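Dear colleague,

I am handing over the structure below, together with an account of what was found in it. Please read the notes alongside the coordinates.

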Amino acid sequence: MADVLPAGCDKFDLPRTELAVHALHYVHEVEPGFLFRHSVRSYLFARALADRRGMQAGADFDDELLFLGCVLHDLGLSEQGNGNQRFEVDGADLAAEFLRGHGATDQDVTVVWDAIALHTSEGLASRKGPEVALAHAGISVDVLGLGRESLPEGFADHVHYALPRENLSYAMTDVIVGQALANPTKAGLLSFPGQLLRRHLPPGTLPDWYDLIARAGWGDQPTTPHPTSPAQSCPSTEASA
């Protein structure tokens, strides 16, 4: 692992199973550095949160599966993983292909697939198995700072010193938006990528939820007053519907 991890990471004692090492090298090869480091940090934060919750590896969760779910979770933002689905699902599919190629069981593949496909799905990932929930929590800490107060004092500083952020949250967002601008099928109107894309297009270009139900064709009418969205008041949008 030392050949792909920055100096100072040895103290974190990452999983060293054959599959974990292959996964780490694979992600290092296909992802830009800022995403690779984000994926490793996400695992470290997830494991720290597990410890804070009194969860023990091997008893309460599978540490290798947690590592795989975190390290592989952004494959959909790599060139190899950039398909026609939202990036979370593209990444989950590519991860499943990688795992099967390295002899993972169907059960393990399913756990990792869920962790990756649901990693932006607040309220869903947390209701799945412990590896999926912990991966979501660790990723959320690294991107949004959610739950950072639960980390041991000074731990995040040590992690960031070994694995610098390089403006991760904004750099990652730019990749998601770039994919969506090039291929709008990757950004469903109500999806997380779709929400990001909306901020990068002229007002009214993308319909929102109210626009969609107004155009459903069933004649439903509002039961309470609601604001008119930019898309509803944009003539060009109405003309293209």
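**Fold and overall dimensions**

Read along the sequence, the chain follows the pattern α-α-α-α-α-α-α-α-α-α-α. That corresponds to 11 helices and zero strands, where helices (H or I, at least four residues) and strands (E, at least two) are DSSP runs numbered from the N terminus. The model is a predicted one, in which local features need pLDDT of at least 70 and side-chain atom pairs count only at pLDDT 80 or more, while totals for chains, interfaces and linings use all residues. Residues are numbered from 1 along each chain as its sequence is written, and side-chain values use heavy atoms, with hydrogens and water left out.

Taken along the principal axes, the C-alpha atoms of the chain fill a box of roughly 60 × 35 × 35 Å. Of the 241 residues, 46% count as buried, a class that means under 20% relative accessible area, with exposed meaning over 50% and partly exposed lying in between (1.4 Å probe, protein chains only). Among the contacts with a separation of 6 or more, 63% are accounted for by residues 24 or more positions apart, a contact being heavy atoms within 4.5 Å.

**Nonpolar cores**

A nonpolar core is here a set of buried Ala, Val, Leu, Ile, Met, Phe, Trp, Tyr and Cys residues joined through side-chain atoms within 4.5 Å. The largest such core has 55 residues, and those with the most contacts inside it are Leu 44, Leu 72 and Leu 99. At least two residues of this core come from each of helix H1 (18-30), H2, helix H3 (63-71), helix H4 (87-101), H5, H6 and H7, and H2 gives the most, with nine residues. A second, separate core of 10 residues includes Phe 87, Ala 171, Met 172 and Val 177.

Leu 72 is found in the loop between H3 and H4, and it counts as buried because its relative accessibility is 0%. Leaving aside neighbours within four places in sequence, Leu 72 is in contact with Ala 23, Tyr 26, Val 27, Ala 95, Phe 98, Leu 99, Val 112 and Ile 116. Leu 72 and Arg 47, which are 25 residues apart in sequence, lie 16 Å apart in space, C-alpha to C-alpha.

**Salt bridges**

Taking a salt bridge as a side-chain nitrogen of Lys or Arg within 4 Å of a carboxyl oxygen of Asp or Glu, the count comes to six. In one of them, the side chains of Glu 166 and Arg 37 meet at 2.0 Å, N to O. This pair links distant parts of the chain, with Glu 166 in the loop between helix H7 (155-162) and H8 and Arg 37 in helix H2 (residues 33-52), 129 residues apart. Glu 166 counts as partly exposed at 48% relative accessibility, whereas Arg 37 is buried, with a relative accessible area of 18%.

Lys 128 forms a salt bridge with Asp 114, the closest N and O atoms being 3.5 Å apart. Lys 128 is partly exposed, at 40% relative accessible area, and Asp 114 is buried, at 16%.

Asp 142 and Arg 165 also meet through their side chains in a salt bridge (2.9 Å, N to O). Asp 142 lies in helix H6 and Arg 165 in the loop between H7 and H8, 23 residues apart. Asp 142 counts as buried at 1% relative accessibility, while Arg 165 counts as partly exposed at 25%. Both belong to a network of salt bridges that also links Arg 41.

**The largest pocket**

About 570 Å³ of space lies in the largest pocket. Of the 22 residues that line this pocket, the closest to its centre are Val 143, Leu 144, Met 172, Phe 192 and Leu 196. Helix H6 (130-144), helix H8 (168-182) and helix H9 (192-198) are the elements that give two or more residues to the lining. The search ran on a 1 Å grid over the protein atoms alone: a pocket is an open set of points where a 1.4 Å probe fits, with protein on both sides within 12 Å along at least five of seven lines, and lining residues have an atom within 4 Å of a point. Grid points are joined across faces, edges and corners, and the volume is the space filled by probe spheres set on the points.

The lining divides into nine nonpolar, nine polar and four charged residues, where Ala, Val, Leu, Ile, Met, Phe, Trp, Tyr, Cys and Pro count as nonpolar, Asp, Glu, Lys and Arg as charged, and the others, Gly among them, as polar.

With best regards
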